[in-house]
Amino acid sequence: MIKPLLDKVKVSANRWGENLEPPANNSELQDFLDRVWEIFAVRLPTQYENFLQIVNGLEFNGLIIYGTKNSETNHDASSLDLFEMNEVFKDSLRASNLDVIVIGEDSTGLLTYDINTKQFQFRDRIGLDRVEPFSSFEEMLKVELDKVM
Amino acid sequence: MGYISYPRSVGERLDHQRVQEVIRLIEGLAGIVTSTALDGILVLINQIGWHNLPTHTKKKLLALMRNQLYPKLDPHVTSDPQEHQSYRENIQALNSKMVDIGLSLNNDTSAPFHERLNATGLFDFRVAQPDKSKTEAAPVLIDSSGMVLIIVATGQEAIENQGLSITHAIHSYPNDADSIKDSYLEGKYSTYFVPGKSQVVATNFIGKYKGKSVTLNDVEVREITYKRRNRESLGELRKKFDASVRKNFLKSLGNDSESVKIMKSAGLTDVQLAKIAQGGVPKGYNVHHKIPIDDGGTNDFDNLVLIRNNSEHYTITNAQRDLTSHIPYGETVKIEFPVPPSFLYPLKGHN
């Protein structure tokens, strides 16, 4: 269950004087899914959609999961926009022949969704080739939150 | 003399009491300095892992070396030629160690080398002015106590023979020839090797971000020999980093008044600083391994930097990836690698 995980995160974040992102609304979510289909020709698993309906992206203690847009206007803030961030990594992914969408990141790795195997993965940030697969988005979120809670 | 057990220096919290014991032992040995005792002191300093000591203990250790040990060193302590040679080498190693510790106490790498050392209050180095025709001479720093440092970048051609090296320096700096000659005779002369040509003066690095060229100011470009680590040991290092190292690194920054001052002037807010003091990663930043753990990089604090994500972290890791992704396992390749020199990057906010 994603909601209880995020409830815990919310408590910790509030303690540090931080707030979680608001949920993506229906039209933001639909536009996002359409654009993902248009660019990557894939439909992301519903668990990730559920996540976006609770928080539209997450930045917590070095863990970042991208959402549909940037909510921060401050130019020092991390980007939570999935499309913008995939532009950032595009050249590296292409050079490594990787057919993946970058979903997020932590201090030492990128979190990716493999378009062919339909699998969420952790990849080391520099090499990109050392892969730890997850059985679902929820498992990925749980493992990654365990690292930073 | 009784036995003493050294605290390990792998980034874990050092046992304060045992560090104090080691310092007391150095104090004792400084009183009876001989060629063998100096050798022992150097071993001790290496074994306590000085770079992981808290700042105030580091300062104490440096003051002890500079004020109590250094003035007692006399290269003529022995008449045995072989012992004499090894004693002189030890003096030079000790001088270099003092410089290492001194530099580590001032992380502002945008400041000139000698100013960083002088900021400790224990040195008063000035830069020797070369004869105009010798502009390629290695930089020389001179302290009023007679200590002379010749700064040579790793990888640059260094003159191995000390006599030749000092002759070269004397010719390049005719106005300081006497000071340089005396420092050699008194054993107060050292060649100080810096890792990479740019540690003396940090340079700019041009990287790519979203397909466009981006200039990162004050990034060192270090020449390193890259060899990819095997998967098991990489996993171990990563696990340790997530379990404790990242948190302890941030706590060490957030609870050190000098580091807090630097982070504040870089634009971190009070909310961000409070989080760092508790070992949390502030929003907008992440903790980056300067030399990746994918290569020979370690979890030591001096290999870590709190770096702004947007866009410095991405620009640097994109460049690091481009430089290394083609290297097959088992092969070593020499590459020029962009490395933020301090514990924080950037040191100044957006212009």
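Reader: Which residues touch the most other members of the largest nonpolar core, and what makes a set of residues a nonpolar core?

Author: V140(B) and L149(B) do, in a core of 42 residues. A nonpolar core is a set of buried Ala, Val, Leu, Ile, Met, Phe, Trp, Tyr and Cys residues joined through C-beta atoms within 7 Å. Buried means that 20 or more other C-beta atoms lie within 10 Å of the residue's own, with C-beta atoms placed from the backbone. Helix α4 (residues 81-104) of chain B gives the largest share, six residues. At least three residues come from each of domain 1 (16-104) and domain 2 (113-198) of chain B, with bounds from an automatic or database domain assignment.

Please keep in mind that this is a predicted model, where local features need pLDDT of at least 70 and side-chain atom pairs count only at pLDDT 80 or more, while totals for chains, interfaces and linings use all residues. Residues are numbered from 1 along each chain as its sequence is written, and chains are lettered from A and ligands numbered from 1 in the order in which they are written.

Reader: What does V140(B) touch, not counting residues up to four places away in sequence?

Author: Its partners are A128(B), V148(B), L149(B), I150(B), A169(B), Y173(B) and I180(B).

Reader: How many residues of chain B are in contact with chain A?

Author: 30 residues of chain B are in contact with 25 residues of chain A; contact here requires C-beta atoms, placed from the backbone, within 7 Å. On the chain B side, α11(B) gives the most, with eight residues.

Reader: What makes β4 and β5 of chain A a pair?

Author: Strands are DSSP runs of E with at least two residues, and helices are runs of H or I with at least four, numbered from the N terminus. Two strands pair if DSSP finds at least two bridges between them. β4 (residues 109-114) and β5 (residues 119-124) of chain A have six bridges, in the antiparallel sense, so they meet that definition. One bridge joins L110(A) to R123(A). The two strands form a hairpin with four residues between them, and K118(A) in the turn has a positive phi of about 55°.

Reader: Why are β7 and β10 of chain B called edge strands?

Author: The open sheet has the order β7-β8-β10 in chain B, with mixed pairing. β7 and β10 (344-345) each have a single partner strand, so one side of each is left without a neighbour in the sheet. β7(B) pairs with β8(B) over five antiparallel bridges, and V287(B) has L306(B) as its bridge partner.

Technical notes:
Contact = placed C-beta atoms within 7 Å. Buried ≥ 20, exposed ≤ 12 C-beta atoms within 10 Å, placed from the backbone.
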